[in-house]
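Hi,

Here is the structure I promised to pass on. My notes on its side-chain contacts follow below.

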Amino acid sequence: MDVYPLRGEELDLKKLLLLFIMTCFFGIVIAGCGSQDTEAQPKEEADETTGDEKEEVNEEETESEDKESDSETDGDNTDTATAADFSEVISYMEEVTEGTADIQYEGTTDFEHDMEGVKTSVDSYVLANLTDFHTDFSIPFDDETDGAVLLVKYTVKNETDKDAYYMPSFYLTYTGATKSFTNYKELLPEEQQLQSLLSPSSDYLIEAGKAYTGYFAYPFGKSIMPGVLNEGIVSIEVPAPHATKGDVNDNFGNGTTLHLGLTEEASSKVTENQSFYQDKLTTQNMGEKIMLEEKQGIGTTETISDFAITLEGYQFTEFIPNEVEAPRFENFTTGMVMLTVKFLIENNSDSEIGLTPLGSKLTVNDGAQYMWDEGMLLDYGYDDVIGAGESGELLQIYVLDKEQYDKIWKEKSFEVELGPMKDQSAKDISKGKTAVFKLK
C-alpha cells in the first residue's frame with residue numbers, strides 16, 4: 001500500500017526551507033554591515049584612545065609657544081647674559097685658566113638703586129677661590145697663581161620712556177686697599193659680561209624699557225686676601241646714567257656706593273648699616289657705628305626765600321674708627337659721638353643748589369658752645385645738586401667729644417642753623433638767610 005505524505009506536512013517543509021534561505025540572506029547582509037562598521041571603527045577608536053596623546057601634544061605645543069614667547073620677551077627686555085648661572089661661569093673660569101675653583105662664600109642682597117627710573121641692582125654674588133691657574137692670568141692677581149675671584153651678577157633696567165647711556169664701571173675697593181678693582185674680562189665669556197652688553201660699540205645705550213644682566217669678575221691675589229677679609233666688606237661705586245650721549249653733566253639721578261659682605265658676619269654688618277644715615281662714615285665703611293639716640297619723621301619746615309627746608313630726623317651714634325681711619329680722629333682721645341641730621345629741601349628757585357658748598361652750625365650746651373659741620377665726612381661731590389624746581393635730601397654731620405656729650409651735652413638742647421643756600425660755585429642764592437631748627 002502506497003503511502004503519500006500529507007499536504008500539510010509538505011507545506012511546512014517548504015516554509016522551513018524558505019525561512020532558512022531568508023535567514024542566510026539577512027545574515028550575509030548583517031555581516032557586510034558589520035564589516036563596514038568594523039572598518040570605520042579604528043578611526044573612531046583612534047580619536048577616543050588618543051585624547052590624552054592630543055592633550056600631551058597640545059601641552060608640548062603650548063610649552064613651545066611659551067618658550068618662543070619667553071624668548072621674544074627676553075629679546076625685548078634683556079640681552080643675552082641672563083641664561084648662565086654661577087656654576088656655568090665658574091666652569092668656564094676653570095677651563096680657560098686651567099685652575100681649580102671652589103665657592104668660599106655665597107651672598108644675597110636686596111640692593112637696588114633707583115636713579116630717576118634707571119635702576120641698578122645686584123642679583124647675587126659669590127666669592128670663589130681660584131688656585132693653581134696658568135701664569136698667563138697672574139698679572140691681575142698680583143703676579144700670583146693662587147687667589148680668589150668675586151663674581152657679581154648685575155642688572156641695569158631702564159624703566160623710563162627715554163633712552164639712557166650707562167657706563168658700568170663699578171669700581172671696587174675695601175678698607176686698606178691700595179688700588180681699585182674692576183672687571184677682569186678674561187675670566188668670563190664675553191657675551192655674559194655686563195661690560196660687553198653696555199660698551200663703547202653700542203655707545204653704552206640702555207634703550208627705554210629694556211634691562212641688561214651680566215657679570216663682573218673681581219680678582220684678588222692670595223697675599224691680599226687676609227686684608228680683603230679683615231673687615232669682610234667691599235664697597236662698589238655705582239655711577240649715574242647719562243640722559244644725553246657723552247654728556248657727563250646730564251644725568252638721571254645720582255650714583256651711590258653699594259656694600260657686599262664676604263662673610264656671614266660682614267653681611268650682617270652690611271644689613272645693620274642700612275639703618276644708619278648714609279654719611280661717608282657708613283658709605284666708606286670707615287668704622288663701627290653704635291646707635292645712641294635717633295628721631296625720625298620730625299617734619300618741621302622753615303622757608304627762606306624760594307627754599308622750603310624740612311627737618312626729617314637725626315641720629316646720635318658712637319663711632320669707633322677702624323685701624324686705617326683711626327689716625328684721622330686721633331685728637332678725640334675720649335671717644336666720639338657723631339650727630340647726623342637729615343633735611344629735605346624743596347628748591348622753588350631758578351638756580352640749582354650745590355650740596356657740597358652747603359654748610360651749617362650746631363649749637364650745644366643750651367647755646368653756650370657751637371661747632372661747624374664736617375663736610376669731609378659727607379659723601380657728596382661737585383655734581384651732587386638739587387635742581388631748580390626739584391626736591392632732594394641733604395645730610396649734615398658733626399663730630400662730638402664723647403666725654404663732653406655724656407657728661408654735659410646729651411641732656412641739654414641742640415640747635416642747627418642751616419644755610420645760606422648756595423649754588424655749585426658756592427654763590428649765595430638765599431640772600432644770606434638761614435633756617436634754624438631745634439633738635440631737642
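Which residue forms a salt bridge with K245? The partner is D203, and the closest N and O atoms are 3.7 Å apart. Here a salt bridge is a side-chain nitrogen of Lys or Arg within 4 Å of a carboxyl oxygen of Asp or Glu.

Before the rest, the ground rules: this is a predicted model, where local features need pLDDT of at least 70, side-chain atom pairs count only at pLDDT 80 or more, and totals for chains, interfaces and linings use all residues. Residues are numbered from 1 along each chain as its sequence is written, and side-chain values use heavy atoms, leaving out hydrogens and water.

K245 is exposed, with a relative accessible area of 51%, while D203 is partly exposed at 38% (buried is under 20% relative accessible area, exposed over 50%, partly exposed in between, with a 1.4 Å probe and protein chains only).

The salt-bridge count comes to 13. Among them, D142 and K179 meet at 3.3 Å, N to O, and E112, K119, K157 and E159 are linked in a network.

On the aromatic side, the whole structure holds 16 pairs (Phe, Tyr and Trp rings, the six-membered one for Trp, with centres within 6.5 Å; planes under 30 degrees apart are stacked, over 60 edge-to-face, the rest tilted). One of them is F133 with F141, tilted at 4.6 Å centre to centre and 50° between the planes; both residues are buried. Ring pairs also link Y154, Y166, F170, F216 and Y218 into a cluster.

Best wishes
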